[in-house]
Amino acid sequence: YMQLFNITTGVSYPITPSMPNRYFYGHGVFSSDGLTLYTTEGEKETSQGVIGVYQLQGTQLIKVKEFSGFGIGPHEVIRVDDTTLVIGVGGVHTKGRVALNLESMKPALVYLSTSSGEVLERVGLADHKLSIRHLSLMDDGRVLCGQQYRGEPEDGVPLVAVHRRGEALQQLNAEPEEWLRFNHYIASIAVLGEHVVATSPRGNCYGVWNLKNNQLVEIASLADASGVVVSSRDNLLPQWHISSGTGKVITRSENGEVVSHQTNVMWDNHWSQIPQTVI
């Protein structure tokens with residue numbers, strides 16, 4: 001199911017259950033006017049991807065249409081602009097959490113029209129076992145994607161890539177032994193200026209890349225490194241905020257200054273920025 005909350009009051013709205021033959025894949029994005037919600041969904045028996053399109057009517061979400069035919073196992077969807085969505089299509093057909101199609105999976109980064117659901121562009125990676133999962137949009141329209149590798153344990157394969165419309169996906173750079181530090185698993189990614197942070201709960205670390213040359217700058221240890229967002233507070237410059245399943249939260253500036261504090265929350269690997277509201 002999914003559920004809406006009022007971010008100012010904390011009041012919860014009625015639960016919207018999934019259809020009997022569907023999964024929700026855990027991500028959605030609103031249109032810029034806040035009246036339309038696009039969610040990633042899938043058919044239970046096949047994992048065929050669906051984008052559910054919902055209209056907000058009062059406190060109710062009403063499904064008005066669906067987009068399909070773009071691939072198996074979609075995960076995150078973000079809005080490039082009011083006319084275009086981009087989806088991280090993982091390519092994995094699952095039963096519960098068991099993968100059933102590792103030899104034939106076809107992950108992709110897919111752009112869809114928000115009005116018709118037409119596939120506007122589709123790009124993939126050379127290694128078909130790199131499941132595309134989480135996304136981050138840059139100010140210039142490029143899209144970053146983080147991958148989870150479903151191949152051999154000893155393979156040190158690139159796990160983060162960047163895409164510009166009309167071009168091929170370009171993998172970020174690190175040595176194979178550095179990629180192995182992430183234990184084949186990128187959880188969340190967020191762009192700030194010319195740098196991107198990608199977290200790895202399985203690798204107990206996060207990485208920082210310079211997007212001018214796509215080169216790895218640093219791997220920092222953080223047990224169960226989870227969510228990451230970019231935001232600013234109290235007129236300060238934007239910073240990354242990186243969470244951990246152990247409760248630690250790291251605040252990091254683009255020039256590498258780091259402050260950490262401990263919370264009593266065991267964070268998972270999904271964080272979103274909620275804009276400050278003047279009451």
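This is a guided tour of one chain, stop by stop, with what to select and what is found there.

The model is predicted, so local features are given only at pLDDT of at least 70 and side-chain atom pairs only at pLDDT 80 or more, while totals for chains, interfaces and linings use all residues. Residues are numbered from 1 along each chain as its sequence is written, and side-chain values use heavy atoms, with hydrogens and water left out.

**The whole chain**

Along the principal axes, the C-alpha atoms fill a box of roughly 50 × 45 × 35 Å.

The accessible surface comes to about 13900 Å², and 49% of it belongs to carbon and sulfur atoms. Accessible areas come from the Shrake-Rupley method with a 1.4 Å probe; for residues, only the protein chains shown count as cover. Of the 279 residues, 47% are buried. Buried means under 20% relative accessible area, exposed means over 50%, and partly exposed lies in between (1.4 Å probe, protein chains only).

Contact means heavy atoms within 4.5 Å. Among contacts between residues at least 6 apart in sequence, 43% join residues at least 24 apart.

**Stop 1: W179 and W209**

The structure holds 5 aromatic pairs. Rings of Phe, Tyr and Trp (its six-membered ring) pair if their centres lie within 6.5 Å; planes under 30 degrees apart count as stacked, over 60 as edge-to-face and the rest as tilted. Select W179 and W209: their ring centres are 5.3 Å apart and their planes are at 20°, so this pair is stacked. W179 lies in helix α1 (residues 176–180) and W209 in strand β19 (residues 205–210), so the pair ties together parts that are 30 residues apart in sequence. W179 counts as buried at 2% relative accessibility, and W209 counts as buried at 0%.

**Stop 2: H184**

Select H184, in the loop between α1 and β17 (189–192). Phi of H184 is near 65°, a positive value in a residue other than glycine. H184 is buried, with a relative accessible area of 11%.

**Stop 3: S47**

Go to the loop between β4 (36–43) and β5 (48–57) and select S47. Phi of S47 is near 65°, again a positive value in a residue other than glycine. S47 is buried, at 0% relative accessible area. Leaving aside neighbours within four places in sequence, S47 is in contact with Y25, G71, I72, G73, P74, V92, H93 and T94. The S47 side chain reaches the backbone nitrogen of T94 at 3.2 Å.

**Stop 4: E121, R165 and Y111**

Select E121 in strand β12. E121 is buried, with a relative accessible area of 16%. Not counting residues up to four places away in sequence, E121 touches L109, V110, Y111, H163, R165, G166 and E167. The side chains of E121 and R165 are joined by a polar contact of 2.5 Å. A polar contact is a pair of N or O atoms within 3.5 Å; within protein, one must be able to donate a hydrogen and the other to accept it, and residues adjacent in sequence count only if both atoms are side-chain atoms.

R165 lies over the face of Y111, at 4.4 Å from the ring centre. A charge sits over a ring if NZ of Lys or CZ of Arg is within 6 Å of the ring centre and within 35 degrees of the ring normal. For another such arrangement, select K44, which lies over the face of Y23 at 6.0 Å from the ring centre.

**Stop 5: D127**

Finish at D127, in the loop between β12 (119–123) and β13 (130–137). D127 counts as partly exposed at 26% relative accessibility. Residues touched by D127 are Y149 and V157, not counting residues up to four places away in sequence.

How values were computed: Helix = DSSP H or I, 4+ residues; strand = E, 2+ residues; numbered from the N terminus.
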